[in-house]
Amino acid sequence: MTADKTPPNPSEPAEPAADTTKSPTGPPETTGAADTAGGAGGAATTDAAPAPSASSSSLAWARRRSSVSRFWRQYRTHRAGLVGLAGLAVIALIALTSPLFIGGDVQSVTDAPGTALESPSGEFPLGTDQFGRSLLGLLIWGARISLVVGLLAAALSVAIGTLVGIVAGHFGGWFATVVMRITDWFLVMPALVLAIVLATVMSRSIWTVILAIGVTSWPTTARLVRAQTIAVESRPYIERARALGGGHSHVMTRHVLPNVMPLVLAQTTLGISTAILTEATLAFLGLGDPSVVSWGGMLQDAREAGAVSSGHWWYLAPPGIAIALVALAFTLCGRAIEAVLNPKLGVSR
C-alpha cells in the first residue's frame with residue numbers, strides 16, 4: 001500500500017488547525033495541548049499534596065509554643081509560685097548533683113567520720129547521728145529518695161485517677177455508677193491507713209511505698225476528671241466528631257484528654273507534696289526501705305536514738321524542716337498553676 005503524495009488542490013479552502021469557535025453556552029474548547037498541560041498541572045498538584053500536612057504540623061507546634069509562652073507570662077505574675085519554683089529548682093539541683101560531692105559511703109556505719117550524736121560544729125554543720133555519720137550528708141543524700149518517691153507516687157496516683165475519671169465520664173450509665181461507688185469507698189477510707197496496710201503485707205522497699213501511696217490516693221483526681229469529662233463531652237464539637245465516625249478511643253484520647261490535661265497537671269503538682277508527707281510518715285513508722293536514706297527514715301532513726309527525750313534537736317529539726325519546705329514549695333507551685341489554668345478560682349498572688 002503506497003502513501004498518497006497528491007499535493008493539495010489550491011482551489012479548495014485549507015482546513016483549520018484547531019477549532020477556536022466559541023460555544024454559545026461556555027468558553028472555547030481546548031485542544032490536546034491544553035489537555036496535556038492540564039495533566040501536567042494535575043501531576044504537579046498531586047506531587048505538592050504533602051505540603052498542607054507539613055504546614056499544619058508547623059502550625060500546631062507554633063500554637064504549642066504560643067500556649068507555653070502565654071502560660072509562663074501568666075505564671076510569672078504569681079510571686080508565691082515563683083518562690084516555690086525557685087526553691088524546687090535549688091533542691092532538685094542539690095539532689096541531682098549530690099553524688100558528685102557526697103560519696104555513697106555516707107550511709108556507712110563502720111566508716112563513720114565522727115562520734116555519736118555530736119552537736120553542730122565546723123566539721124559537721126548539722127551534727128552527727130547515733131552512728132557518727134554526718135547529718136548534712138544524710139540530709140542531702142536523702143533528698144534523692146524523698147523526691148523520687150513523691151514524684152513517682154503522685155504520677156501513679158494521677159494516672160489511675162485520670163483513667164478512671166475519663167472512662168466513667170465518657171461511658172456513663174450503670175458502668176459509671178459502679179466505678180464511682182468503688183471510688184467513693186476509697187475516698188471515705190483513710191488513705192494513710194490503706195497505705196500502711198499495703199506496706200505491711202508487702203515487702204519493704206521503695207517500690208512498695210510508691211505503690212502503696214499511688215493506689216490509695218487517686219479517688220480525688222478521679223472525681224475531678226470525671227466532672228471535667230462530662231463538661232467537655234457536652235460541647236458541640238464532640239457531637240460532630242462522633243457524627244464523622246470517631247469512636248470511643250478517638251473521642252477520649254483526641255478530644256477529652258487534651259482538655260482535662262491542665263487539671264491533671266495542677267493535681268499532679270499538688271499531689272507530690274502529699275506523697276512526700278505520706279512517704280515520710282510510712283518511713284517514720286518503720287514501714288520504709290531500711291536500706292536507703294530518706295527524710296522520713298532519718299526521723300525514725302532519731303526517734304529510736306531517743307533524740308526527743310535527750311534534747312538532740314539537730315537530729316530532728318533538719319529532716320523535718322526539709323520535708324516542710326519541699327511540701328510548701330510544691331503546694332505554692334500547684335496553686336499558681338491552678339490559678340493560671342483556671343482564673344475563676346481567684347487565687348491570690
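Select Thr269 first: setting aside neighbours within four places in sequence, Thr269 is in contact with Phe330, Cys333, Gly334 and Ile337. The model on screen is a predicted one.

**Stop 1: Thr269**

Keep Thr269 selected and colour the helices. Thr269 sits in helix α10. Is this residue buried or exposed? Thr269 counts as buried because its relative accessibility is 10%, and the cut-off for buried is under 20%.

**Stop 2: the whole chain**

How many helices and strands does the chain have? There are 13 helices and zero strands. Followed along the sequence, the pattern is α-α-α-α-α-α-α-α-α-α-α-α-α. Colour by burial next: of the 349 residues in the chain, 35% are buried. Contacts can be sorted by distance along the sequence as well. Among contacts with a separation of 6 or more, 71% are between residues 24 or more positions apart.

**Stop 3: helices α4 and α5**

Select residues 135-171 for helix α4 and residues 173-188 for helix α5. Two packed helices are described by the angle between their axes and by the distance between those axes. Here the angle is about 145° and the axes are 7 Å apart. The crossing of α4 and α5 is left-handed. Show side chains to see which residues make the contact:

- from α4, select Val164, Val167, Ala168 and Phe171;
- from α5, select Gly173, Phe175, Ala176, Val179, Met180 and Thr183.

Colour these by type: the contact of α4 with α5 has eight nonpolar residues, two polar and no charged.

**Stop 4: the largest pocket**

Rolling a probe the size of a water molecule over the atoms shows where empty space is left. The largest pocket holds about 460 Å³ of space. Which residues line this largest pocket? Select Ser67, Arg70, Phe71, Gln74, Pro258, Met261, Pro262, Leu265, Val340 and Leu341. The elements that give two or more residues to this lining are α2 (51-75), α10 (248-284) and α13 (313-341). By type, the lining of the largest pocket divides into seven nonpolar residues, two polar and one charged.

To finish, show helix α10 again: Thr269, from the first stop, is in α10, and α10 is also one of the elements lining the largest pocket.

Terms used
Residues are numbered from 1 along each chain as its sequence is written. This is a predicted model: local features need pLDDT of at least 70, side-chain atom pairs count only at pLDDT 80 or more; totals for chains, interfaces and linings use all residues. Side-chain values use heavy atoms; hydrogens and water are left out. On a 1 Å grid over the protein atoms alone, a cavity is a set of points where a 1.4 Å probe fits but cannot get out, and a pocket is an open set with protein on both sides within 12 Å along at least five of seven lines; lining residues have an atom within 4 Å of a point. Grid points are joined across faces, edges and corners, and a volume is the space filled by probe spheres set on the points. Helices (H or I, at least four residues) and strands (E, at least two) are DSSP runs, numbered from the N terminus. Ala, Val, Leu, Ile, Met, Phe, Trp, Tyr, Cys and Pro count as nonpolar, Asp, Glu, Lys and Arg as charged, and the others, Gly among them, as polar. Axes are lines fitted to C-alpha atoms, for helices over the stretch in contact, and angles run from 0 to 180 degrees between N-to-C directions. A crossing is left-handed if the near helix is turned anticlockwise from the far one by less than a right angle, and right-handed if clockwise. Contact means heavy atoms within 4.5 Å. Buried means under 20% relative accessible area, exposed over 50%, partly exposed in between (1.4 Å probe, protein chains only).
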